[in-house]
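Please keep the sequence and the structure in view while reading.

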Amino acid sequence: MAAKSFSARVTVTLKRGVLDPQGKATQSALGSLGFEGVGSVRQGKIFDVELTASSKKGAKEALESMCEKLLANTVIEDYDVVVE
Amino acid sequence: MKACVVLFPGSNRDRDMIAALTSVAGEPPHLAWHKDTALPDCDLIVLPGGFSHGDYLRSGAIAARAPVMNAVAEAAQRGVRVLGVCNGFQILTEAGLLPGALMRNAGLKFVCCEVLLSVANADNPFTAKYAQDEIIHCPVAHHDGNYFADTKTLKRLEDNGLVAFRYAQDTNPNGSVNDIAGIFNDEGNVLGMMPHPENLIEPAHDGTDGRRLFEAALNVVEMAA
């Protein structure tokens, strides 16, 4: 099967229960700016990845493997892969 | 015993580490580069502090996937002693050679100060020259030193004496859980720590509390004066 090009977005966020001091500081700054009702801010990372694979499923599997091996630290982070 | 210091692009405490090892061992350590696939024959591998690969992605994350780390992991498995200080500790956790992770300091600021450490387990090749629960001085300089591990891992560390050093007397500078400043692996031959013992080696450093760690790690017997 010919390789096709895919665009994907990988979102990496801290696991629930892992303290996020940067998110907390941002939440506090939003409060200082007068934004009311912000209950929680959690900071994460987004990776936009262009890749070739034989199928959409193959692309997703490759990206999940990339997350496990490098893009996320699974001790503290969760990841989500969306292939367009 | 012979040491080997592993250099990564962005290591910046390597010279201090080389000076410390040279002072204690009486001969300079071997040097290895992050692209090396094999290490020189040695008894102690040291990953020094710094900002390997600019701390891109996560501190230590890129360095942990460098070719040399396969050789470090293989040596660790054979029982060779491995010490990671500061960024070296971050690299060891990212490489899976030590459990847990080092997150952004709880205060969000880079901390550069002296802390007090208590020796939490002196029954180990790295800490054998300290007394159990001895309090020592040590400098820290880091942005991501906030040690985190899940409750199950923490319990395993605590139950098995795998905590090497703790920040003592309210000097925890980064929010590390259980005041953890350094940990051993299960086998006890890998030590990661955020503080910099290599900076307290000579009397001119205003203290020599770090020296005994290297003497122990290198099995150096001090000559009676």
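Which pattern does chain A follow when read along the sequence? In this predicted model, the order of elements in chain A is β-α-β-α-β.

## Fold and dimensions of chain A

Chain A contains 2 helices and 3 strands. Its radius of gyration is 17 Å, whereas the globule rule gives 12 Å for 84 residues; chain A is therefore more spread out than a compact globule. The C-alpha trace of chain A spans about 55 × 25 × 15 Å along its principal axes.

Among the contacts in chain A with a separation of 6 or more, 71% are between residues 24 or more positions apart.

## Surface and charge of chain A

Buried residues make up 29% of the 84 residues of chain A. The accessible surface of the chain comes to about 5,400 Å², and carbon and sulfur atoms account for 53% of that area.

## B:Val190 in strand E11

In chain B, B:Val190 belongs to strand E11, which covers residues 190-193. Is B:Val190 buried or exposed? B:Val190 has a relative accessible area of 1% and is therefore buried, the cut-off for a buried residue being under 20%.

Leaving aside neighbours within four places in sequence, the contacts of B:Val190 include B:Ala76, B:Val82, B:Leu92, B:Leu97 and B:Leu98. B:Phe126, B:Ile183, B:Phe184 and B:Asn185 are also in contact with B:Val190. From B:Ala19, B:Val190 is separated by 171 residues in sequence and by 21 Å in space, C-alpha to C-alpha.

## B:Asp14 in helix H1

Helix H1 of chain B comprises residues 14-25, and B:Asp14 lies in this helix. B:Asp14 is buried but has no salt bridge. The nearest side chain of opposite charge is that of B:Arg15, 5.4 Å away, whereas a salt bridge requires a nitrogen within 4 Å of a carboxyl oxygen.

Apart from neighbours within four places in sequence, B:Asp14 is in contact with B:Leu7, B:Pro48 and B:Gly49.

## Helix H4 of chain B

How many of the residues of helix H4 (residues 87-94) of chain B are buried? The count is 8 of 8, and the helix is mostly covered. Among the buried residues of H4(B) are B:Asn87, B:Phe89, B:Gln90 and B:Glu94. B:Leu92, another buried residue of this helix, is also one of the contacts of B:Val190.

Just after H4(B), B:Gly96 adopts a positive phi of about 80°.

Key:
Residues numbered from 1 in each chain as written. Chains lettered and ligands numbered in written order. Predicted model: local features only at pLDDT ≥ 70, side-chain atom pairs only at ≥ 80, totals over all residues. Heavy atoms only, no water. Helix = DSSP H or I, 4+ residues; strand = E, 2+ residues; numbered from the N terminus. Rg over C-alpha atoms; globule rule 2.2 N^0.38 Å. Buried < 20%, exposed > 50% of the residue type's maximum accessible area, 1.4 Å probe, protein only. Contact = heavy atoms within 4.5 Å. Areas by Shrake-Rupley, 256 points an atom, 1.4 Å probe, with all protein chains shown as cover. Lys, Arg positive; Asp, Glu negative; His and termini not counted.
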